[in-house]
Amino acid sequence: MRPPPSHRTLAPGPLALPGGTADPGPGHAEPDSDDARAVAAAAAALTVHGLDDVRGNLTLPASGAHGTAVTWSSSRPDAIGPTGVVHRPAEGSGPESVRLTATVGRGETAAIRTFTASVREEPRKEPFTAYVMSYFTGEDTPDGEQIRMALSVGEDPLHWQELNGGRPVLTSDVGTGGLRDPFVIRSPEGDRFFQIATDLRMYGEAGGSWDQVQRTGSRSVLVRESTDLAHWTDRRLVEVAPATAGNAWAPEAYYDERLGSYVVFWASKIYPADDPEHTGSTYNRMMYATTRDFRTFGEPAVWHDPGYSVIDSTVLRHDGVHYRFTKDERTPSSDTPCSKFITVEKSGELTSSAYEFVADCVGRGTIERGEGPAVFASNTEAKWYLFIDEFGGRGYVPFESTDLDSGRWTASTGHALPKGARHGSVLPVTRGEYERLLETFAVG
């Protein structure tokens, strides 16, 4: 899109962009005004991530630095639209090169910045034949708050083999130095994975108290990316919780086709704006924000606030219905018999604040208390599995159901889960992904 005729077109000159290219615009004007200087600086600072390997919708900024507005056009809107929606070429047709043009404007001045994107062809669809689990083991050992992985024994979701000899596969040296509650999501296209985890370390004296890490803890989550589950990009901390939050715990994500974005959700204690030191009393509630790339996030919003503390939500979708599993974090009493157990709700809309009750007290009678639910569908039959972390006890304990609407979950028998596995996630994998993980990591 060309700038309106009333705009002066300013070309900031050739600019380098990681993952893409930038070219000068067709016209030129010296930056001899505040608007011109602002537009030139904003155009130079404009960034679009992942242009050299586009596999999903892009974040195309609608605004830039210094109060500038940004509009976009595409040489191939059938591949990348002006709002960043991506339609990948069919399998076997090869990648598509797309030229994206950004018009950066303020007042009567505008600059044009161009980028080149390479859109990958669609991946081959393959059936899932096994499962991979990501987890941590607790705060009692120096490496317990790092990420471990395990593979199912063939297609059996109740028997597992630890990877890397049972040692951590991924560690953190940023933020608090701890990695808890790892969650892995496969992109809707199928060939990119995002892993998010809680930035929290409680081992030793550096951990502090549980009260303090919910008042002045990390408000960021740690993100990694992969295209094969075995090799992951360098970690990055991304702040997701608002300044009024004291923590950002147990982040998970689900892709919302209606929004064309991932919905990332986590638990935060939210303090009043007039309590900047977070000294008062409050409780955890579930928050969410949307993202396309796990770099740029929308404004955080409250997702689930029943008026008391809840944490550790996870979501499973079946037949157009989203089933949400959440830990009731209240202190147990005669009036709250389901505290410290899992509550199940459902909704047709993922981001709804009004889910319908399905069941509570899930796990009671088999475990003493539970958190960190991980839920997934069987690859081979009409059945779902729910792993609940019996914190302070055995770690993950498996349950199963053949009817999500019933709210009935039966304890599984004859299982062998990874030693000490706690709050993580289980992901179905293809044969190729399974074999690659076996080749990359030794089995313990």
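**Reading the features**

Guide: Helix H1 (residues 34-45) has 12 residues and spans 16 Å from its first C-alpha to its last, close to the 16 Å expected at 1.5 Å a residue. The expected span is 1.5 Å times one less than the number of residues. Helices (H or I, at least four residues) and strands (E, at least two) are DSSP runs, numbered from the N terminus. This is a predicted model: local features need pLDDT of at least 70, side-chain atom pairs count only at pLDDT 80 or more, and totals for chains, interfaces and linings use all residues. Residues are numbered from 1 along each chain as its sequence is written, and side-chain values use heavy atoms, with hydrogens and water left out.

Visitor: Which residues of H1 are buried?

Guide: Buried means under 20% relative accessible area, exposed over 50%, and partly exposed in between (1.4 Å probe, protein chains only). In H1, the buried residues are Ala36, Ala38, Val39, Ala40, Ala42 and Ala43.

Visitor: Which cysteines form a disulfide?

Guide: A disulfide is a covalent bond between the sulfur atoms of two cysteines; the criterion here is a pair of cysteine sulfur atoms within 2.5 Å. A search of the whole structure finds 1 disulfide. Cysteine 338 and cysteine 361 form it, with their sulfur atoms 1.7 Å apart. The pair links distant parts of the chain, 23 residues apart: cysteine 338 is in the loop between strand S19 (321-328) and strand S20 (342-347), and cysteine 361 is in strand S21 (residues 356-362).

Visitor: Why is the disulfide left-handed?

Guide: The torsion about the S-S bond of cysteine 338 and cysteine 361 is about -85°, so the disulfide is left-handed.
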